Amino acid sequence: MLKHIERFTPADNRGDRYDPRMEETRNSGRIESHPDIARLYEAFAHEAAHAIRGEVEGPYVMDLYLDDAGRSHVIELNPQSNSGLYALDMDALLTAIGNNPAQFMPDPKRTATPGCLGVREETCI
């Protein structure tokens with residue numbers, strides 16, 4: 001399983017929209033760049049987001065992995081408020097929020113559920 005490095009912050013972003021630096025074993029310290037896998041994850045994330053539209057509410061992030069056959073899978077979904085951000089392109093996130101502020105605002109109908117945001121439109125960022 002390859003994943004992003006948890007100790008990186010947005011300040012560690014090297015200009016990539018999706019950080020290609022990953023490690024096969026979590027916290028092993030063996031960090032390698034895999035832009036090809038980052039591209040696979042991006043394509044898969046768009047397909048998965050389209051497939052679950054209407055089933056999942058609010059902005060979220062996906063934790064993904066590759067199986068031995070090279071197929072992407074979702075490990076878990078996390079709400080944006082619980083995402084790691086790691087080496088995120090913060091400018092891209094802030095631009096998305098600025099262009100779609102209502103999508104990132106708490107839905108007043110869901111205020112009784114801690115940590116939940118409601119989608120106000122069907123635009124996928």
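**Core and overall organization of the predicted model**

The largest nonpolar core consists of nine residues, namely Met22, Ile37, Ala38, Tyr41, Ala48, Ala49, Met62, Leu64 and Leu66. At least two residues of this core come from each of helix 1 (35-52) and strand 4 (60-66). The greatest contribution is that of helix 1, which provides five residues. The structure is a predicted model.

The protein chain contains two helices and five strands. Read from the N terminus, its elements follow the order β-β-β-α-β-β-α. The protein chain has 125 residues, and 27% of them count as buried. Contacts were also examined by separation in sequence. Among those between residues at least 6 apart in sequence, 36% join residues at least 24 apart. The accessible surface of the protein chain amounts to about 8200 Å². Carbon and sulfur atoms account for 51% of this surface.

Asn27 lies in the loop that runs between strand 2 (21-23) and strand 3 (31-33). The phi angle of Asn27 is near 60°, which is a positive value in a residue other than glycine. Asn27 counts as exposed because its relative accessibility is 51%, and the exposed class begins over 50%.

Terms used:
Residues are numbered from 1 along each chain as its sequence is written. This is a predicted model: local features need pLDDT of at least 70, side-chain atom pairs count only at pLDDT 80 or more; totals for chains, interfaces and linings use all residues. Side-chain values use heavy atoms; hydrogens and water are left out. A nonpolar core is a set of buried Ala, Val, Leu, Ile, Met, Phe, Trp, Tyr and Cys residues joined through side-chain atoms within 4.5 Å. Buried means under 20% relative accessible area, exposed over 50%, partly exposed in between (1.4 Å probe, protein chains only). Helices (H or I, at least four residues) and strands (E, at least two) are DSSP runs, numbered from the N terminus. Contact means heavy atoms within 4.5 Å. Accessible areas come from the Shrake-Rupley method with a 1.4 Å probe; for residues, only the protein chains shown count as cover.
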